[in-house]
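Here are a few friendly notes to read alongside the model. Have the structure open as you go through the points.

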Amino acid sequence: MATEDVKKKVKKEKKVPSPKDLSIDPATQELLERSRELEVETIFDRAQTMKACNIGAQGTCCKMCAQGPCRLPLPKGGIEGEDTRKGLCGATPETIAARNFARMVASGAASHSDHGRAVAETFLAAARGEIEDYEIKDTVKLVEIAPDFGVETTVEGENGEVLDRDIKEIAIEVGEKALAQWGQQSGEICTIKRAPQPRYELWKKLGVIPRGIDREVVEIMHRTHMGVDQDYENLVMQCTRAALADGWGGSMIATDLQDVLFGCPYPLRSSANLGVLKEDHVNIIIHGHEPLLSEMIVAAAQLPEMQELAKEKGAAGIQLGGICCTANEILIRHGVPLAGNYLQQELAIVTGAVEAMVVDVQCIMENVANVADCFHTKIITTNPRAKIASGNVIHIEFDEHTAFEDAKRIVKTAIENFPNREKEVVIPDESSQLIAGFSYEAINYHLGGTFRGSYTPLNDNIINGRIRGIGGVVGCNNARSMHDSAHITIIKELIKHDVIVLTTGCSAIACGKAGLLTPESAAVFCGPGLAEVCETVGIPPVLHMGSCVDNSRILMAATEVVKTGGLGNDISDLPAAGSAPEWMSEKAISIGQYFVASGVYVVFGGSLPVDGAPVFKDYLFKELEKMYGGMWDVEEDPIKHAQKMIAHIDKKRKELGIDKARERVLFDMAARREMEAA
Ligand code: NFS
Ligand code: SF4
């Protein structure tokens, strides 16, 4: 049943919806039932009892100063004639909605980028040899990215010969240059030049090239203060600059440096869903975003002394499981199974089998502390930026100088909690096999054949029409809509129509649970063209590319497709579209804006807080396309959502003159099948 229908049903019958109406995921359904039995309240319950504010949802509530909040809802029946709505200071609905939108971009860009900064600081300390627990692991990637940071990788020898430069020197200089991108005041962030040349020139012409990562975020906060920037077009320009500083800056640098520190991901097998927890093991959930912490926990949990201690306490071993983007980070580098996505964090605790939930930053619901109160689970906060004010939450601060020791302390705390289990353990028997870890480099290798990595086969298959186009489906869960439902419906509709899907974040986790991340799923769910490609190359039709900061991998993949040739000169020429079906985080808005500014058509599910300001909405949905070739859209119905993406892809195929090739290849395939059948 679609989310809308569930809402109607609940309203009509005035009864509590069944777990089957709230999530398509059987593990989630089972544990929701269990949480009700135990009278443990979760976000699913509150989503029924608390309605969202209608004015805020329209984007037209302003609380930028104490003369407000000024609330400017759309009048019932819409606006006839001139729109006379104004805040006390005279701010129009356009100004108010644009300021609110800009602040979401600022917060989203700040979150990704502050994560990136922490990685850069650790990277530099590791390169300098100031900390022991981290090392420069992937020197191939280091040498590959160094030129983008303006760092030389060779030196001239005494006789003029070219010599490789010392890796340590390269690493230190890359670390310094990377870290400098945050505080830079003028010029351009260095990684922006990775974009296709015409895109870079366009940004330059439009004056949206980021000068420094922090500067663009701060400038949004200044411009949105009461009485500063009161021109929505000018505000959107600054949004673009900050969002580009995220996607092509903070996030991209985070991904790069994490790969060098921890290894660039290559496809590996694992599994997903709460069934990965084990009743007779010490279960540790790692939840949050930064791999700096989780990498150390993975290492600490493998120590013989920890395994011994677990046995001493009566457990058969230690099982780790990830939630949210931390899950994706440790999955793609170590194969640690995914326990679940955003909406499953409370339910992991409801299993009664979790000794500790270790969290760092972002997307951690405060309510995990209340749920943990009903069980023996210890919530351990680790980051000085992110504490939870609750009596039963422990803070074990994680410091990169003592990283491994800190991680050991955390794992030990979990193990020692094993004998304290109080309630019956209920672990759903649900987990699915998956393959993840398709970094942009891995796609190169996997599609590129035996001798040399290249995107040519991918481009060829798009040009000849076996692959219709590329869909990027990413982002969160949202308690206002049925858990995982929109992700899976949209993605199935895309692959059924031969659109290959790249996924990250909680969407990627949803795909893992639904069994879409296996090569075998191609034969079941894909159209004939995509199925054939997946079968030949041995890849799933949905490629798990990592966490949300790894959306930068999608930008790099798109750029590589452009550079490989045959599909236009810029990202906006590609038969591609983006989607965040169940978005809820401000980070999603920053991501949406940098994809739009990079030339991508981006559709969000649910709603965007812009409906109360029709002129501003029109600007995002239509005018931006004239400038960037990409634009925003919203579609709640998942099938229509996917069809809009496909229509855009087909429009681009037509513009490229490759629409006929697809008809031919499908015709040929049909003819061949008939012959084979005869
Ligand atoms: Ni992305 Fe990852 Fe999930 Fe949404 Fe939160 S975990 S950074 S924000 S909820 S996808
Ligand atoms: Fe109201 Fe203007 Fe103050 Fe906003 S800035 S709260 S619209 S007076």
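1. Taken over C-alpha atoms, the centres of domain 1 and domain 4 are separated by 29 Å. Their contact (heavy atoms within 4.5 Å) takes 20 residues from domain 1 and 16 residues from domain 4. The chain is divided into domain 1 (3–58), domain 2 (93–261), domain 3 (274–420) and domain 4 (437–656), with bounds from an automatic or database domain assignment.

2. A word on the basis: this is a predicted model, where local features need pLDDT of at least 70, side-chain atom pairs count only at pLDDT 80 or more, and totals for chains, interfaces and linings use all residues. Residues are numbered from 1 along each chain as its sequence is written, chains are lettered from A and ligands numbered from 1 in the order in which they are written, and side-chain values use heavy atoms, leaving out hydrogens and water.

3. Around ligand 1 you will find, among others, His 289, Cys 324, Cys 325, Cys 476 and Lys 587, each with a heavy atom within 4 Å of it. At least three residues of this shell come from each of domain 3 (274–420) and domain 4 (437–656).

4. The residues surrounding ligand 2 include Cys 62, Cys 65, Cys 70, Cys 89 and Arg 99.

5. Leaving aside residues up to four places away in sequence, Trp 203 touches Trp 248, Ala 597 and Tyr 628, among others.
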